[in-house]
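Please open the model in the viewer and keep the selection tool at hand.

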Amino acid sequence: MTDSADGAHFDAPDNGSAAESAFVFHGNWREFAPIAFTNLLLTIVTLGIYRFWATTRERQYLWSQTQFIDERIEWTGTGKELFFGFLIVLLGLGLPFFFLQFGVQALAAQGYPEIAGRIGFAVLFLIIYLGGVAQFRGLRYRLSRTYWHGIRGGSDDGGFGYGWSSMWKNFVGMLPLGLMIPWSMASLWNERWNAMSFGPHRFTAHLSAEDIFARFLLFYLIPVALFIFALFAGFGAVTMGISNIESLGPDRIGIAMAIVAFLFILLFYGALGLIAMAFYAKYFRAGVEALTLHTLDFRFSARTMDWIKLFIVDMLLVIGTLGIGYIFLGYRHWKFFITHMEAFGEINLDQLTQSTTTRSKHGEGLLDAFDVGAI
Amino acid sequence: MSDFSVWHFDGVQAVRRHPRIEPVGAGFVLADDQQRTGPFAFADLRYHGRQGDADVYALADSGGEERDGWRLGLSGAIPDAIAAQLPAKARYGGWIDRFGLWPAAGLFAAMSVAVIAIGVKAPEWTAPLVPAAWEARLGEAIVGDLGGRFCATPAGSAALQKMVVALDPNPGDLQVEVANAAMVNAVALPGKKVVLFNGLIADARSPDEVAGVLGHEIGHVRERHVMQGLLRQLGLSVLLGGFDGNVGGTFNGLLALSYGREAEGEADAHAIAALARANVSAQATADFFARLAKDEEAVTGKDDNALIGYLSSHPMSSKRRDRFAASVDKRRRYAQVLTAGEWRALKNMCVDDKDVADGGVLF
């Protein structure tokens, strides 16, 4: 007996109105709390080694509470493979880097700064290259460990070519005053996702730099806005304060100027942070929208305000609990991701067959080591 | 409990079946109106956690590898005949499930304490096993001649050598240098090297003060603290995941290498004994420490890193000062370790040496 007589075929909601999203999150934090706290306990008593198993348990819970259309997804990654991935990176890269660093410093101390600088530069390049590879492989790993209806995703590409792309595209992107960064980000997003598949179907991504360029220009607005602000602030200070300024001692003037400078810096970084968030929100929304899988289209509904809310509540949670709240961030971020994900189109279960991609044996070692996000 | 129900994915196609489980010997067959698959052994099932209201199982083949995507979901009241043969449910991971959460946590905590204790103690056992030649090469590799910053003049070098000979019975394998850098500090380095920074000599009011500091650093060399400290630092940085792509500051780490209270005490004892053997009063060293301690109060908040240098790598305490002062024998007639002329030559060595690399700020 199969699900439906007409060949197991589902229609995902085809409009974004009141219809339920194809993605539903069933978890609640009370259920998650015992997992989070026991993970914390075991991570502490094992000097951090348990964290690979902790990550796995956390994901098993989050994935199992995530429903796509009619069925929950399953996380099948293991703590052991994450641990081995970490060991591979530690032995293959960590120790050589450690000794290389040692050698570079020794060279510098002995009066060969040029050679030391050149080696240091080569190491930097290698790290940037591996950062790109890690980002690719992290995504591949997550897809290959995610099952739905007994079918998984993956990629046959090892990501080593992507590492080069990532390196030169990021470099070119920064060249003309950073104006090409939207292009490099969009191009890399596409390159990454076009190499991924789920079941027999390839993802296709067609994000264009134009989609995110307008939002990116906000970054260039800051200096202008701040200049105008400074002009007004100065003008205001002169008109309002000039009569009082002589009554203040030189000390007071110094303090006042320090306060103004402090506020200015706060404003600058605050504005920069907001703009970065606004840009990222747009980038991610546009990126997901540019993504298709066979007959499925995706949407991501979180707007800038949603991201800001997420971030502020994160901060309040962590600060308010003196740091303990940190263990709930993974839960919050996954919930945020799933509740804003939507999918449209149809899936023919008869045609959704098992992925033929190879499953890499080790986990996200590289990704962990470089600490870059998977998506 | 709701009724028992079964779902199944074969891992080949995404279509879900709702078969019956028909026992066959020690295994079962999955059967529905269209097909029968199996038999499968209960022993090959692997627990994969809960999904919704179902317990999910995967299937391992004879090699232990799981069949890609094969899943069996059981929900409701599982019949006893089947439940009895299902594998145990995993929760935290193999070992922890076997012991239970709290016993396992206790066991891990005990193991962690043991690992840390060994990590702290092990360098004391392993350091003497490092061949002297390796250590010498390591010292050469790390420090070399500090980029030509070692000062040398015939008179100054002779004065320095006289001080070393006075303080150590076998000075042949020691390499003591004065480096042209303004910081008030001295370090012991791998390969039996001791480097006195010129700032220390410039700041000292008598050669006996320098002798006390030198005796202390020679103490670190003779007690093999240097290799211990290096191994400890290496071990800790590996153990504590010091691997974060930024392992920088190794040399600076070496400068600030703290050997721990015990080792500092040993080095002090060594210095006091060496001074006594050389018939040099330890009072000057005690005075030097007293001056540093006072300076420490004075410089706190001030931009004077030169003095902070010594204090940060050599914990200062009145106890240490008192220990040096207490070793002074009031009735004994002490000699100065250097004559006035030799002391002048040592003080001026870095100025008189025309070839020495510019002091500047080191690192």
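Begin by selecting helix α11 (residues 329-340) of chain A, which lies across β2 and β3 of chain A and runs at about 150° to β2(A). Axes are lines fitted to C-alpha atoms, for helices over the stretch in contact (heavy atoms within 4.5 Å), and angles run from 0 to 180 degrees between N-to-C directions. Helices (H or I, at least four residues) and strands (E, at least two) are DSSP runs, numbered from the N terminus. This is a predicted model, in which local features need pLDDT of at least 70 and side-chain atom pairs count only at pLDDT 80 or more, while totals for chains, interfaces and linings use all residues. Residues are numbered from 1 along each chain as its sequence is written, chains are lettered from A and ligands numbered from 1 in the order in which they are written, and side-chain values use heavy atoms, with hydrogens and water left out.

Next, select the open sheet of three strands, whose order is β2-β3-β4 (chain A) with antiparallel pairing. β2 (23-25) and β4 (71-72) of chain A are at the edges with a single partner strand each, so one side of each has no neighbour in the sheet. Strand β3 (residues 66-68) of chain A pairs with β4(A) over two bridges; two strands pair if DSSP finds at least two bridges between them. Here A:Gln67 is opposite A:Arg72 in β4(A).

Finally, select helix α5 (residues 160-174) and helix α6 (residues 181-194) of chain A, which pack at an angle of about 165° with axes 8 Å apart. α5(A) and α6(A) are therefore roughly antiparallel (angles over 145 degrees). Residues meeting across this pair include A:Tyr162 and A:Trp168 in α5(A), and A:Trp183 and A:Leu188 in α6(A).

Conventions
Angles under 35 degrees count as roughly parallel, over 145 as roughly antiparallel, 65 to 115 as roughly perpendicular and the rest as oblique.
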